[in-house]
Amino acid sequence: MIPRRDFLRAGAAASASVLGACAADAVPKGRTPVSLWFSYGGTNREVLESLVRRFNDRQTRDYVQAVYQGDYFEGLAKLRTAIAARAAPVLSHVVGEVVPYLAQAGVLEPLTDYPGIGELDVIPELGQGRTWVGGGARPLVALPFNRSTPIAYLNGERFAQAGLRAPQNWDELRAVAKRLTERKGGGRFGFGCPINWWFWVALVGQAGGAIVAEDGRVSLGDEAGAQALRLWQELAREGSMKPPPGRDYNAWEQCNQDFLSGRAAMIWSSTAFLKYLEANARFEVIAAPLPAGVKRAVPTGGTFWVVLRSAPSAEKAAAVRFLRFMHEPEQVISWSTRTGYIPVTRSAVRMLEARGYYAPRPNDRVALEQLAVAEPWPWSVDLFRIQREIVQPRLESAVIQQRDARAVLTEARALAREPA
Amino acid sequence: MKPSRRLDPYWMLLPTLLLLLVFFVYPLIMLVEHSLFSWDLLTPARYVGLANYRSLWRSGELWQTFTTTLSMSLAVVLGSMAAGLALALLLDRPGRFAAFVRSAVFSAYVVSWVSVGLLFLWLLDADSGIFSWIWRHLAGTRAPHWLGDPALAPWAVAGVTVWKITGYALVIFLSGLQDVPQSILEAAELDGATATKRFSSVTWPLLRPTTLFVATTSLIASFQLFDVVRVMTQGGPVRSTTVFVYAIYEQLFLDLRVGRASAEAVVFFVILLLLTGAQFLLFRSEEGA
């Protein structure tokens with residue numbers, strides 16, 4: 001690396017230290033500090049901070065300092081910059097799509113040999129082993145925390161009035177979206193969905209495709225990818241689906257607001273918003289699995305805990321102790337029942353079932369049961385680049401400008417083949 | 001004034017010169033250097049020559065960003081100048097009411113960009129915003145997606161920017177109007193010139209230097225548009241509001257493509273340099289005229 005880059009790094013490190021010092025509370029004397037950068041806002045942030053406080057109060061050896069860093073993508077940008085500036089925290093959490101890239105760059109600490117990690121009873125579909133194709137054969141670098149699947153949220157009142165049930169397949173989705181769309185006055189939409197890579201991947205899987213073919217070629221679902229896009233195009237063209245404005249999580253938030261205000265009778269969003277939507281809706285919220293195309297399929301989402309390799313050994317060991325604490329049933333249950341994320345360990349699910357938690361709360365089971373049709377991500381270092389730079393902008397242009405779906409994906413595939 | 005010692009001015013300039021070297025010249029050299037590398041901050045940098053420039057050009061991204069920035073900037077400059085001049089002509093009079101309106105219009109200029117963005121995000125909401133409400137009551141149809149339609153979003157953002165910076169144009173035009181000699185206007189009035197004629201033949205020609213100043217400073221400022229785009233549209237929909245500074249931010253901080261972001265910044269620097277040069281030449285020719 002050339003010296004000028006060290007100058008850049010030094011500047012970034014200085015800024016990161018100042019920001020970190022401003023934001024974090026003081027570490028009590030004699031305890032090992034664990035700096036944790038997180039990306040949850042609202043209720044999720046409150047829950048996480050309460051769990052961190054619980055950890056800090058219950059033992060006197062380690063002390064976790066949790067610092068909010070913006071949404072997933074802002075947080076990730078800061079994390080990558082901090083890694084380059086050699087000012088990274090010990091612990092953070094990142095979206096699944098970026099884990100292969102970070103692992104390849106050698107910045108993640110392998111966790112397999114830390115005490116207690118082998119005993120964690122993580123639900124396989126949510127852990128590294130089955131989240132990625134061949135993930136189990138690689139050194140363990142990521143542990144699940146806030147894991148999710150996309151689910152459908154239905155406005156119970158509107159569905160009851162119209163005598164409709166949750167759509168079971170794409171044809172029913174089209175029919176329900178059309179039936180619940182009203183064009184008078186400001187108009188109400190039958191369906192709302194962020195034009196986002198995650199939901200498109202769900203549709204691709206339902207159409208029988210995969211982002212990366214079995215031979216390792218970036219196929220973007222081939223014909224299934226185009227079918228998925230055409231479904232969105234058709235719904236948007238006929239006015240029964242509202243593509244929310246804004247990008248990334250701005251669009252997700254807009255979609256939630258459309259649902260809460262009654263402007264959209266049904267939306268697709270993450271199970272992560274379950275508790276938020278239930279608490280803020282003035283109508284009954286019904287959660288439902290996504291409909292089937294030629295089959296049922298969903299991707300998993302959310303983030304994984306990662307320990308940064310650059311941290312001092314004592315702090316990394318302390319971070320792993322915190323992760324073990326977070327995987328205890330009590331914490332897993334606190335987190336999942338207060339947010340809507342899927343409980344990530346089998347023991348937590350068993351405990352919830354034994355307590356009869358799910359019987360009066362069928363919405364909470366939807367994402368968990370959908371794991372039966374969860375499809376793994378390819379372990380590809382280019383996945384994040386393909387998502388952010390190549391596919392996401394083209395999804396928007398295909399749906400909003402009604403560009404030919406096949407042409408859009410052919411262009412995207414060609415770009416994905418180019419070296420980064 | 002002649003310095004007592006020949007070197008005194010240079011010593012006095014040294015602190016500023018040092019600041020300029022450290023914070024402007026050195027980063028600029030680094031920027032040019034980084035534009036020749038492919039670097040994601042995590043893996044070692046790889047020398048790629050002019051590949052970053054070629055890739056920006058070939059993908060059409062550079063041209064799209066330039067045309068988006070230019071068209072939005074022109075809309076902002078023309079809009080803010082027209083509104084600023086019209087308001088200046090209306091408010092160039094004594095009285096408390098005119099003073100109140102002058103302050104009210106200028107107050108928008110001192111409000112933070114983020115606050116303005118959030119305010120208009122709410123006002124322009126396709127369903128519950130006041131603009132949509134007016135549209136629905138006048139046209140009786142569903143209001144357009146002001147910020148969700150790629151054909152409308154750049155003009156909506158440009159409109160918000162016009163609202164924000166019109167106060168600046170107003171103040172400069174007001175000071176320009178106060179420099180127009182009353183005697184010439186009175187002489188024209190005595191000669192029977194109508195208000196329109198007095199404006200077109202006296203006021204407007206005498207306001208030319210002011211207009212030029214407002215135009216060039218607003219153009220350069222609007223080329224640097226970022227905050228309002230970040231808050232309102234994040235460059236979308238379909239990159240329709242991805243202006244230069246936002247594109248650089250996206251490449252660097254979201255995609256971590258240091259080389260490509262640097263190449264884009266170098267091009268942006270050259271464009272701003274050309275604009276500044278044009279401004280300089282225009283002022284010189286104006287002074288010579």
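First, a term: two strands pair if DSSP finds at least two bridges between them. Helices (H or I, at least four residues) and strands (E, at least two) are DSSP runs, numbered from the N terminus.

This is a predicted model: local features need pLDDT of at least 70, side-chain atom pairs count only at pLDDT 80 or more, and totals for chains, interfaces and linings use all residues. Residues are numbered from 1 along each chain as its sequence is written, while chains are lettered from A and ligands numbered from 1 in the order in which they are written.

Now find strand E5 of chain A, residues 150-155. What does it pair with? Five bridges join E5(A) to strand E8 (residues 266-270) of chain A, antiparallel. There, A:Leu154 stands opposite A:Met266. Four bridges join E5(A) to strand E9 (residues 285-288) of chain A, also antiparallel. Here A:Tyr153 faces A:Ala287.

Is E5(A) covered or open? Mostly covered: six of its six residues are buried (20 or more other C-beta atoms within 10 Å of their own, C-beta atoms being placed from the backbone). A:Pro150, A:Ala152 and A:Leu154 point one way. A:Ile151, A:Tyr153 and A:Asn155 point the other.

Next, the interface. 28 residues of chain A are in contact with 25 of chain B, contact meaning C-beta atoms, placed from the backbone, within 7 Å. On the chain A side, helices H1 (3-23), H3 (72-84) and H16 (383-400) each give two or more residues.

Last, confidence. The model scores ipTM 0.75 and pTM 0.81.

Methods
Contact = placed C-beta atoms within 7 Å. Buried ≥ 20, exposed ≤ 12 C-beta atoms within 10 Å, placed from the backbone.
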